[in-house]
Amino acid sequence: MARVYGYTGSLLRVDLTDQAYRTERINEAEMRGYLGGRGFNAKRLYDEVGAGVDPLGPGNKLIFGTGPLVGTMFPTASRFNVSAKSPHTGIFGDSNAGGHFAPEMKFAGYDQIVLEGRSPSLVYLYVKDDHVEFRDASAMKGRTVFEADGFMKGELGDRRVQTVICGPAAEKGVRYGGLFANQVRAASRTGMGTVMASKNVKALAVRGTGHVEVAEPEEFERLVLKLEREIREHEQYSGRMRMGTTRILMMANEAGFLPTRNYMSGVYEHASMVSGERLAEEYNVKNRGCFACTIPCSRVYSVREGPHRGLHGEGPEYEALGSFTSRIGNDDLEQALKAIDLCNQLGLDVLSVAGCVGWAMELYEAGQLTAEETGGLELTWGNTEALLKLIQLIAEREGFGDVLADGSVEAAERLGRGMDRTIQVKGMDLIMADPRGLKGFGLGYAVASRGGDHLRSEPFLELSDDPEIGERMFGVPESTMRLADRGKGRLVNYFEDWNAVIDSLEPCKNIMQNMMLLPFERVSEVLEVATGLRVTPEEMREAGARIVTLERMFGVREGLSRADDSLPSRFRESPLDEGASSGTVVDLDLMLDEYYAERGWDAATGHPTPGTLQRLGLGFAVADLP
Amino acid sequence: MKRITVDAGKCAGCRQCEMVCSFHHTKRFSPETSRVTVIKDDSLGLDYPLMCRQCSDCPPLKACPTQAINREGGSITVDWQACIGCGACVEECRYDAVELHDGKALMCDLCGGDPQCVARCPTGALDYSESPEFTETPWDAFDRLKEEWGIHG
């Protein structure tokens, strides 16, 4: 076999139960078929964590994966996926983050790190090149993400070590505890921090002294320089540099899909008080970036006066900002910043917290939840003192916080009411975009392999509202009209495949996908120049479809079918009554029929057909069909 | 003389300078072979790229027992034939701008007059031009910015 560049070709497998470890080779067929990060993880999780495994038991595996471009100067190639069976949803769990952890994995020599079993005592793992230490972490028990990071850097005496940490909330078994790199780079969806804590592991610290080499250095440099120029000259460049994703908040409000008061409205009357623009003008002091980023869009903010004087931090991004403002009817920006900071320290997924709190506030305002049940907390819209208290209670699993600590679905079951007001799909609380104003996003939420979430598809082209793009790219003018239902099956299918590819190569999706910089043709060119592997644009698209379908099969093996590809009833039955997305509901069945047909999945069950599995090289999964 | 200076308020800590530097010198990517190292403080959100400032008195040059460190063509250079990897230069540099890799001292050579880290910095935090001695340490810069921005660890 010819030498493959870019990849390390190595996987580190750590047996926590016996405190042993070994490396394994990743072969060329896996590289071609699954590309890297997310794809590698999907395959390994499917092969090694079967149906019925307890997500919080030693049989679950926590897998870190990164891609062939990471650890080079390729713009934004900095990300990793972390995957396991999810304790939040019971299905495919997976989350992605940037920062500096992933390139350190590469310099240490690994494309993937698999943690399996359960450590007999609380440890953190220190991976230094080909050596692994199981280090006592009892001093970090219950410590915040920030404290744990400082502790390890001090103990290891190496400022270049990169860490991924779970917070005290995960240690208490809150089911949506995240993992945090560089303190605030959150891989926080689907409870991956909770899985790590269940294995008695507080953190993973990595330090690598090796290098990454590409197949054609001169050609690679030419490609990189061209991409850097395209990024700087892009129309989104200045807005992203100034506001990161928080630029979305005002746009969403104007388009009428800014989730407000738990999705009861799509317009927030105080949006300008909590906007990315206001954050930039009054609080931001500098930009920060992930590794090798040409467009470092993270921002450091500082509150210089008033009751929150001294509060500072990095970010927030749109999802977190909206979660603790419009989502819960709060117009106090500084209180929102404080709540986000608290979630980061405690290691909580902001979207899931907001899903639970937004739900509880809606119930409280409707008179279906009493102060007696909440332990005296008055969960009225915008009550941020109650929010801050509740975040602490959730992290400690105390009082009403314990009710919310397993997610909104479990909370509704425990209370015996309010299930119709939970805003989730497959148990995962939705993100901050109302699907009544973005129908393709709605379809994406319904079918996403990890539950209600946009990052599997994110078909942003429908925001263009330009039928010519839809006609040209998908043969259906309505496919790129945000309020239309037709053509969305094709749109989402395309974007899911594309995102699976980007997530596997591990540059930043915000840049490479949302700025349209890496279409399949160019991904193919980049991969060849970086690794020496020739994967045609068609094969690239097929790899995306393979990854999406295998993740789907993980859910099918756990018993999921078409009935689970649903959306909360308010999106299907009750139109919004104000704003630019009012008067329309989501016709999910129409979109699902189209989508399954595009995918080659059975329309009645939502299961991939045996023929489709064979065509995608997933014949091994046919036996797992019901 | 022309030297590289740092505007810490602009550094985003992306470390692209490390990648570009190692690639320019070795055709591979590795922070270990980069002549620039970014100091990062995630608690404060502050970052600082450290590299040779071409100081007029250059203590490493004076300390080198084999005269491997010299000043030629407008920059400090290291003669790897002569370098014995004793690390005296690492000890003596006031700015932690010298490191050993595979037993040889690594110092910024200004890429022969067109420093690639400066050319490729995405935020313009690095400048290469005629400038007086540059004596700011990362800690000076962090203290100044903390004060200016009201950030306290």
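In the predicted model described here, the C-alpha centres of domain 1 and domain 3 of chain A lie 27 Å apart. Chains are lettered from A and ligands numbered from 1 in the order in which they are written, and residues are numbered from 1 along each chain as its sequence is written. As the model is a predicted one, local features need pLDDT of at least 70 and side-chain atom pairs count only at pLDDT 80 or more, whereas totals for chains, interfaces and linings use all residues.

The domain assignment of chain A comprises domain 1 (10–207), domain 2 (234–422) and domain 3 (437–624); such bounds come from an automatic or database domain assignment. Helices (H or I, at least four residues) and strands (E, at least two) are DSSP runs, numbered from the N terminus.

Between the two chains, 33 residues of chain A are in contact with 24 residues of chain B. Helix H4 (145–156), strand S13 (284–288), strand S14 (298–302) and strand S15 (312–314) of chain A each supply at least two residues of the side that touches chain B. The largest share of that side, four residues, comes from S13(A). Its residues divide into 13 nonpolar, 14 polar and six charged.

Most residues other than glycine have a negative phi, and most peptide bonds are trans. A cis peptide bond, with omega about -5 degrees, joins A:Gly315 and A:Pro316; A:Pro316 is found in the loop between S15 and helix H11 (318–323) of chain A. A:Gln19, which is not a glycine, has a positive phi of about 50 degrees and is found in the loop between strand S1 (10–15) and strand S2 (20–25) of chain A. A:Gln19 counts as partly exposed because it has 16 C-beta neighbours inside 10 Å; a residue is buried with 20 or more other C-beta atoms within 10 Å of its own, exposed with 12 or fewer, and partly exposed in between, C-beta atoms being placed from the backbone.

Conventions: Two residues are in contact if their C-beta atoms, placed from the backbone, lie within 7 Å. Ala, Val, Leu, Ile, Met, Phe, Trp, Tyr, Cys and Pro count as nonpolar, Asp, Glu, Lys and Arg as charged, and the others, Gly among them, as polar.
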